[in-house]
Amino acid sequence: MITNSTLIRNLRKSLSLNRKQELILVGTLLGDGSLLPNSWGKNYRLSLRHGMSQKEYLFWKYNIFKNWTLSPPKYDVNTNSWGFRTISHSVFTDFAHQFYRNKKKKLPDKIEQYLKEPLVIAIWWMDDGNIRKDKGIVYGGMLNTQSFTVKENLRLKYSLEKIYGIKVLIIKDHGKQRLYISGKNDIRKFLSKIKPYCLKIFDYKFP
């Protein structure tokens, strides 16, 4: 007799992240994504949720990780949002060890390697980026990095400046910090690298 637990065990054995899944995972962990432990605390699963206005984006992510899931996204009437989660797996546990310390997000040791990948930045921008403009004039762009420490924000700042040749400031936000890409030329230069990877529904986040 084949049980559900047997199916899950067999599925776990057959799975490994491809490069695209790995980069999207890193991008969303910099942004809105979470890795949560299973009931036994042994392994972790990816959990993603977006509001109704980003339903298309959530389903796009679901299709990327569909082979890691057992059911399609579900709607939560209380939060007016859509979400899904993967099965728990040692691969996600490895990333949890890289991205979390004492249940709080942190930067992994090799984050600079990932920041060189436009797909990682594109996911991060779609999750947590916002353009700053007034009356059609672009002034810069924000990346919401409030979950990271001052030291980690400095690391992100210097890495992005070095990799993309742009000026990045750290600004205060209710006692936390976030990154600000300063100037219309630098934000356009930065966004030109990632625009091909972003969904059309996020055109409002571009000049």
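User: What makes β1, β2, β4 and β3 an open sheet, and in what order do they stand?

Analyst: The order is β1-β2-β4-β3, with antiparallel pairing. Two strands count as paired if DSSP finds at least two bridges between them. β1 (34-37) and β3 (74-76) stand at the edges, each with a single partner strand, so one side of each has no neighbour in the sheet. Neighbouring strands here are turned by 35° against each other on average, direction ignored. This is a predicted model: local features need pLDDT of at least 70, side-chain atom pairs count only at pLDDT 80 or more, and totals for chains, interfaces and linings use all residues. Residues are numbered from 1 along each chain as its sequence is written, and side-chain values use heavy atoms, with hydrogens and water left out.

User: How do you know that β2 and β4 pair?

Analyst: Count the bridges. Strand β2 (residues 44-51) and strand β4 (residues 81-85) share five bridges in the antiparallel sense. The requirement is at least two, so β2 and β4 count as a pair. Within that pairing, G51 stands opposite S81 in β4.

User: Which helix packs on this sheet, and which strands are touched?

Analyst: Helix α4 (residues 90-99) does, touching β1 and β2. Contact means heavy atoms within 4.5 Å. The direction of α4 makes about 75° with that of β2. Helices (H or I, at least four residues) and strands (E, at least two) are DSSP runs, numbered from the N terminus.

User: Why is α2 called oblique to α3?

Analyst: The axes of helix α2 (residues 19-30) and helix α3 (residues 55-64) cross at roughly 140° and come within 10 Å. Angles under 35 degrees count as roughly parallel, over 145 as roughly antiparallel, 65 to 115 as roughly perpendicular and the rest as oblique. The crossing angle falls in the rest, so α2 is oblique to α3. Axes are lines fitted to C-alpha atoms, for helices over the stretch in contact, and angles run from 0 to 180 degrees between N-to-C directions.

User: What is the handedness of the α2 and α3 crossing, and which residues meet there?

Analyst: The crossing of α2 and α3 is left-handed. That word applies if the near helix is turned anticlockwise from the far one by less than a right angle; clockwise gives right-handed. K20, Q21, I24 and T28 in α2 meet W60, K61 and I64 in α3. By class, the residues of this contact are three nonpolar, two polar and two charged. Ala, Val, Leu, Ile, Met, Phe, Trp, Tyr, Cys and Pro count as nonpolar, Asp, Glu, Lys and Arg as charged, and the others, Gly among them, as polar.

User: How do α3 and α6 pack, and what is in their contact?

Analyst: Their angle is about 145°, with the axes 12 Å apart. α3 passes α6 in a left-handed crossing. Y57, W60 and K61 in α3 meet I123, M126 and D127 in α6. That contact has four nonpolar, no polar and two charged residues.

User: What makes β7 and β9 edge strands?

Analyst: They belong to an open sheet in the order β7-β8-β10-β9, paired antiparallel. Each of β7 and β9 (168-173) pairs on one side only. The twist averages 30° from one strand to the next. Helix α6 (residues 118-128) lies across β7, β8 and β10, at about 65° to β7. α7 lies across β8, β9 and β10, at about 15° to β10.

User: How many bridges hold β8 to β7 and to β10?

Analyst: Six bridges join strand β7 (residues 129-134) to β8. Four join β8 to strand β10 (residues 176-182). L143 stands opposite L179 in β10, and G129 stands opposite L143.

User: Why is β8 called mostly covered, while L154 is called partly exposed?

Analyst: Buried means under 20% relative accessible area, exposed over 50%, and partly exposed in between (1.4 Å probe, protein chains only). In strand β8 (residues 137-143), five of the seven residues are buried. L154, in helix α7 (residues 150-164), has a relative accessible area of 31%, so L154 is partly exposed.
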